[in-house]
Amino acid sequence: MTHQQFMASPANRARYWARSFYGWPRFSATRPNAAHVALAELEQRGWISGLITQNVDRLHSAAGSRNVLELHGTSHEVVCLGCGRRTARADMQRALADLNPAAAAHLATLLTRPADPAAEREQALRVGTSRDNIRVAASASSSGVAAGSQSGAAASGPATAGPAGSTVVPLQRPDGDVELVDAGRGFTVPPCGNCGGVLKPDVVFFGDNIPQERKDRASQLASSCDALVVVGSSVMVYSAFRLVEEAKRAGARLVMVNVGPTRADKLADAKVEARAGEVLTRLARHPQLLLPKIN
Ligand SMILES: [Zn+2]
């Protein structure tokens, strides 16, 4: 969803938050990988002075990195577009669960099963549509909020009692447009508790701008380093490529660690075509930075 779409209507925001509500438990349970851990170790050893990330998952901080600049914000915080107050995304999850008990009950059942990311993504995309496993929406014509179908298959016929004593709404197969229009309908999103304003994850959406102050800090970091190591990014996004240019212009050496071509390959002093986790773990275990010269 673009920033413009998010801002356009309460219905779009309901759709966004409904999907986010379903995705959050697994998203927030993700643990740092070998590359995150190695980068944190390199910082603790004083080999890395700062880290700029395009990721919004906060896993660098979870791994122990301290000087982290989240260029595109973070999914772990929610910001009010009215008064600017920041709150924890975990609190938003609780508020959404309280306001949407049927969706919360359904999510709880999903979470008792082994992770099935594909199925969960499907479900999240269907929230509030007539192909939803549950109907979080109570439309004017229906008798109320329903929850419970576990099959996910299209059913027909009269409504039947679901596992929680709720009603299973017969599922239909509408065309894609109807589905899009319907998505998130009936999902209730709370306003800011402070000013009643619109709540948005503190993430830079497409069509949104990186706050100037954050841009400036990133530029400062890039243009004051001896070397810039780009890890696991093709730096195709200009906000990231710009930092590479700034570092080079200020005289820094550039090392790319990435599988596949990057936008900065021509500027690189060295390129390591390998998985970040493997390369950085070895580097973090090396006792010093002065590697023997290879002839
Ligand atoms: Zn507010």
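**View 1. Strand β3 pairs with strand β7 (residues 199-203) in antiparallel fashion through 5 bridges.** Strands are DSSP runs of E, at least two residues long, numbered from the N terminus; two strands pair if DSSP finds at least two bridges between them. This is a predicted model, where local features need pLDDT of at least 70, side-chain atom pairs count only at pLDDT 80 or more, and totals for chains, interfaces and linings use all residues. Residues are numbered from 1 along each chain as its sequence is written, and side-chain values use heavy atoms, without hydrogens or water. Val-78 has Pro-201 as its bridge partner in β7. Of the 8 residues of β3 (residues 73-80), 6 are buried, so the strand is largely enclosed by the rest of the structure. Buried means under 20% relative accessible area, exposed over 50%, and partly exposed in between (1.4 Å probe, protein chains only).

**View 2. Strand β4 (residues 86-88) joins β3 by 3 bridges, again antiparallel.** Here Val-78 stands opposite Thr-87. The β3-β4 hairpin has 5 residues between the strands, and Gly-84 takes a positive phi near 80°.

**View 3. Four cysteines coordinate the zinc ion.** The donors are the SG atoms of Cys-80, Cys-83, Cys-192 and Cys-195, at 2.3 Å. Donors are N, O and S atoms within 2.8 Å of the metal (3.2 Å for Na, K and Ca); water is not among the atoms, so sites may look incomplete. Along the chain the spacing is C-x2-C-x108-C-x2-C. The 4 donor atoms subtend angles of 99 to 117°, which makes the arrangement tetrahedral; for four donors, that term requires all angles to lie between 85 and 135 degrees. Cys-80 counts as buried because its relative accessibility is 2%. Cys-83, at 37%, counts as partly exposed.

**View 4. The second largest cavity holds about 40 Å³ of space.** A cavity is a set of points on a 1 Å grid over the protein atoms alone where a 1.4 Å probe fits but cannot get out; lining residues have an atom within 4 Å of a point. Grid points are joined across faces, edges and corners, and the volume is the space filled by probe spheres set on them. The lining includes Thr-53, Asn-55, Asp-57 and Arg-58. Helix α4 supplies the largest share, 3 residues. Helices are DSSP runs of H or I, at least four residues long.

Notes:
Four donors count as tetrahedral if all angles lie between 85 and 135 degrees; four count as square planar and six as octahedral if opposite donors are over 155 degrees apart and all others between 65 and 115; anything else is irregular. On a 1 Å grid over the protein atoms alone, a cavity is a set of points where a 1.4 Å probe fits but cannot get out, and a pocket is an open set with protein on both sides within 12 Å along at least five of seven lines; lining residues have an atom within 4 Å of a point.
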